[in-house]
Amino acid sequence: MFESSMILCACSESRKLFFENLGIERISPYLKRNGYQVEYEYLFRDMDSNKLINILKRNVVGFSLYPDAYEFTYECIKYVKAHGGHVIVGGKYATDNYRELLNDMPEIDAICLGHGEIPYLEMLTMLSKGIDIEKCFDMIPFFVTQSKEIEQIKICVSNINDLCIPDRTKYFQLTKADEVFICDSHGCTGNCTFCSNCQNMRKYSTRNVEDIIEEIENIYKVYDIRQFNLIGNSFEDPGKKGKEKIGEFCNLILRRKLDINIGCYIKGNFIKSEKDKELLDKMIRSGFTHIFIGVEAANDDDLRLYGKRATLQET
């Protein structure tokens, strides 16, 4: 099948310095769920060269670009192009810097803006109908190319509940991980002026609490991992419902007796009442060991400049 000549890759300079890439780990099972057997691979500069070459000899290679692996990723891109393949680059860094990347890496055929599941599925569906890949890039608004007009492009922001739980099989084969990142939401309800998420990917969606707990419990039981970091923008979103979500989340952890540590992000004005203090106490009892608070500044003028809703006194 034609999709067997496509692969998704995340590059790192070394096995000792690589991070889990939730993007390719979610896109691959999503495409498989829709009938396209697209695999993913982690690539390292110090891996066996023959294995690296065999992975890159594909008709289409989608790279998730990290800035700390910029040079190695570019070397891989040039190899793919030199051997007649097509290159797509995606990820948050690529979405935020697509103009610069297209200028600095002319070998790139297209950059996927936003979440990659829907754009890749649309592309594969069109390819299966015999449509040329360059035509696919032109017709699908989530791909930007050298020749595409700015008015023709959009950033794909998917509802997180429509996507798949990451396939972490290869990640756990490559590393003795002692912590895992859990994506609990997409988008943000805030409007911080310095944040690209607020500007480009603001549409908010959050996962069902039981769905998050099932993912955590499975990793905990199968791989004996006890540190979980929730990487949605702010765990207490959206508003009152968000705090009810936290309470339900904590109750499930306590009920299932999960001996885990949890980290998350919250807004500076999270604590507004005695009830909120009780919720914070429940979070601590259920395993929250570190909470990152969006303080940003120590005066109200700067907080207003940054678009923060919390005042200095509230924080």
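**View A. Arginine 256 in helix α11 of the predicted model**. Helix α11 covers residues 239–256, and arginine 256 lies in this helix. The residue has a relative accessible area of 26%. Arginine 256 therefore counts as partly exposed, since that class lies between the 20% limit for buried and the 50% limit for exposed. Beyond its neighbours within four places in sequence, arginine 256 is in contact with Ile213, Glu214 and Glu217. Isoleucine 213 is 43 residues away in sequence. The C-alpha atoms of arginine 256 and isoleucine 213 are 9.6 Å apart.

**View B. The open sheet of six strands**. The strand order is β2-β1-β3-β4-β5-β6. Pairing is mixed. Strands β2 (39–44) and β6 (143–144) form the edges, and each pairs on one side only.

**View C. Pairing of β5 with β6**. Strand β5 spans residues 110–112. Two bridges join β5 to β6 in the antiparallel sense. Here cysteine 112 stands opposite phenylalanine 143 of β6.

**View D. Helix α6 across the strands**. Helix α6 is made of residues 117–128. The helix lies across β1 (6–12), β3 (60–64), β4 (86–90), β5 and β6. Relative to β1, helix α6 runs at about 145°.

**View E. A nonpolar patch on the surface**. Four residues form the patch: Phe181, Ile231, Tyr265 and Phe292. Together they have about 350 Å² of accessible area. Phenylalanine 181 belongs to strand β7, residues 179–182. Its relative accessibility is 30%, so phenylalanine 181 counts as partly exposed.

Definitions and conventions
Residues are numbered from 1 along each chain as its sequence is written. This is a predicted model: local features need pLDDT of at least 70, side-chain atom pairs count only at pLDDT 80 or more; totals for chains, interfaces and linings use all residues. Side-chain values use heavy atoms; hydrogens and water are left out. Patches are made of residues with over 30% relative accessible area and no salt bridge: like charges are joined within 9 Å, nonpolar side chains (Val, Leu, Ile, Met, Phe, Trp, Tyr) within 5 Å. Accessible areas come from the Shrake-Rupley method with a 1.4 Å probe; for residues, only the protein chains shown count as cover. A salt bridge is a side-chain nitrogen of Lys or Arg within 4 Å of a carboxyl oxygen of Asp or Glu. Helices (H or I, at least four residues) and strands (E, at least two) are DSSP runs, numbered from the N terminus. Buried means under 20% relative accessible area, exposed over 50%, partly exposed in between (1.4 Å probe, protein chains only). Two strands pair if DSSP finds at least two bridges between them. Contact means heavy atoms within 4.5 Å. Axes are lines fitted to C-alpha atoms, for helices over the stretch in contact, and angles run from 0 to 180 degrees between N-to-C directions.
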